[in-house]
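Subject: Structure handover

Hello,

Here is the structure you will be taking over. My notes on it come after the coordinates.

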There are 2 protein chains.
Amino acid sequence: MSELDKSTEQVILRAARKVFTLRGFDGARMQQIADEAGINKALLHYYFRSKEKLFDAIFKEVMQLIIPGAVQVLLSDLNFSEKIYGFVEKYLDSLLANPDVPGFVLHELSLHPERLLDNIKGMGVDFNLLVGQIRREIELKHIKPVEPDHFMINLVSLCMFPFLARPVLMGLTGFDHGKFNAFIAERKQEIPRLILQSILP
Amino acid sequence: MSELDKSTEQVILRAARKVFTLRGFDGARMQQIADEAGINKALLHYYFRSKEKLFDAIFKEVMQLIIPGAVQVLLSDLNFSEKIYGFVEKYLDSLLANPDVPGFVLHELSLHPERLLDNIKGMGVDFNLLVGQIRREIELKHIKPVEPDHFMINLVSLCMFPFLARPVLMGLTGFDHGKFNAFIAERKQEIPRLILQSILP
DNA sequence: CAGCACTTTAATTATCCGGTTAAACCGGAT
DNA sequence: ATCCGGTTTAACCGGATAATTAAAGTGCTG
């Protein structure tokens, strides 16, 4: 595999990611991906034999893009407040860099949970480890007793939802691109404040 | 238009809603909708001339299903805490009755914001009215000063997101259908508690 | 009965799209 | 120069699917 190979493959993957995340698997067209990559359909199939194969490739890529980075922070040895601030900051940044990935991923997961959930399992996101962390913090009286399930869902909800609702926000309230980004930036303080004051003793 | 007409039309709309919300516009098949309704494709086109027309019909229906009911509570003359508890309770109930509507709506909105946002505008959801309510409560010192934008987004995020992530929850943690519903029921207390303690003086 | 709205059946058209193929081109490596 | 992997071009295939049509049937109503 030559240098050119790699770069073409990358060009294709970038194009595919754009089209797939924008239109979903069912809405994406191989022709559109080829156009976006500046190549032709034939070459697309030369690299990736089928739409499914191409999709699988970018889905893995995209999952690694949103999940693991921010989780590291939660497993570090910062104190609890710092962890929350750190997580939210990192997570929002990675979502800002890929604003339509969350909607894409959740939509595809809801269409084919069984097939796609394996991708998550096999990538080192250990839900139980996080829950264990929280239980420990409770035992140490660093935080009030909370249901770890609700805590995690609350945290992720508050970070991710604005991206899922972005079209509505931008269409209904006068949000433009810049205003939306500023809004998310504000949430780097807003979310930790909301979460923390509910659980700090 | 006879009684039979109406009931057939209703049968079609119910079938279409099921298939569309489950698979999205691009994933939905007219044949599948006909099967689900227990009729044939020809009759589908007899009532709704095209897939687009049928989609428009159910999209309007579905929007009215999630949006306006719960908002009433916020505009009533309950005190602020009661409003929040009431809103969350009502909203979660209507989402529980239509668990895959949120994902469907947000996905379609992100594909065709311009075309679909009109549906929202023309249905009496006055965002500014809600913001006004919040500002008034602040002036009256019923609640601490908050950004209305963040407040509203926080509230909706916490209610809606679990439904968007339901496939993940049910695939990753051992949630089954009953556990999920119980989890949502818990959130009728969890969400107002979280929200309120951040803004009550 | 006759008319009318609704419904079915079955066949057909037109389009879209994923995938394939063959032939040629190009540039770098052997 | 020759070979070869990457690339282009253009045409094509086959299947899926939305949409249409014609013809007949059903059942209610006036």
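Predicted model: local features only at pLDDT ≥ 70, side-chain atom pairs only at ≥ 80, totals over all residues.

Interface. 40 residues of chain A touch 40 residues of chain B. The two chains bury about 3,700 Å² between them, and 73% of that is on carbon and sulfur atoms. On the chain A side, the residues that lose the most area to chain B are H150(A), I153(A) and F161(A), which together make up 17% of what that side buries. Polar contacts do, with a count of 9 residue pairs, both members at pLDDT 80 or more. Several helices of chain A give two or more residues to this side, among them helix 1 (3-27), helix 10 (148-164) and helix 12 (177-199). Helix 10 of chain A has the largest share, with 11 residues. By class, the side of chain A that touches chain B consists of 23 nonpolar, 10 polar and 7 charged residues.

Core. The largest nonpolar core has 135 residues, and F20(A), L54(A), F151(A), F20(B) and L54(B) have the most contacts inside it. Beyond its neighbours within four places in sequence, F20(A) is in contact with residues including F25(A), I33(A), L54(A) and F104(A).

Around V73(A). This residue sits in helix 5 (residues 68-75) of chain A. V73(A) counts as buried because its relative accessibility is 11%, under the 20% cut-off. Its contacts, leaving aside neighbours within four places in sequence, are L78(A), K83(A), G86(A), F87(A) and K90(A).

Salt bridges. Over all chains, 14 were found. One of them joins K83(A) and E137(A), with the closest N and O atoms 3.8 Å apart. K83(A) is in helix 6 (residues 80-97) and E137(A) in helix 9 (residues 127-139) of chain A, so this pair ties together parts 54 residues apart in sequence. Both partners are buried: K83(A) has a relative accessible area of 4%, and E137(A) one of 9%.

A network of salt bridges links E89(A), D93(A) and K188(A). K188(A) pairs with E89(A) at 3.8 Å between the closest N and O atoms, and with D93(A) at 2.7 Å, N to O. D93(A) lies in helix 6 and K188(A) in helix 12 of chain A, so their bridge ties together parts 95 residues apart in sequence. K188(A) counts as buried at 15% relative accessibility, whereas E89(A) at 39% and D93(A) at 34% are partly exposed.

Regards

How values were computed
Residues numbered from 1 in each chain as written. Chains lettered and ligands numbered in written order. Heavy atoms only, no water. Contact = heavy atoms within 4.5 Å. Buried area = accessible area lost by both parts, 1.4 Å probe. Polar contact = N/O pair within 3.5 Å; in protein donor to acceptor, adjacent residues only side chain to side chain. Helix = DSSP H or I, 4+ residues; strand = E, 2+ residues; numbered from the N terminus. Nonpolar A, V, L, I, M, F, W, Y, C, P; charged D, E, K, R; others polar. Core = buried A, V, L, I, M, F, W, Y, C linked by side-chain atoms within 4.5 Å. Buried < 20%, exposed > 50% of the residue type's maximum accessible area, 1.4 Å probe, protein only. Salt bridge = Lys/Arg side-chain N within 4 Å of Asp/Glu carboxyl O.
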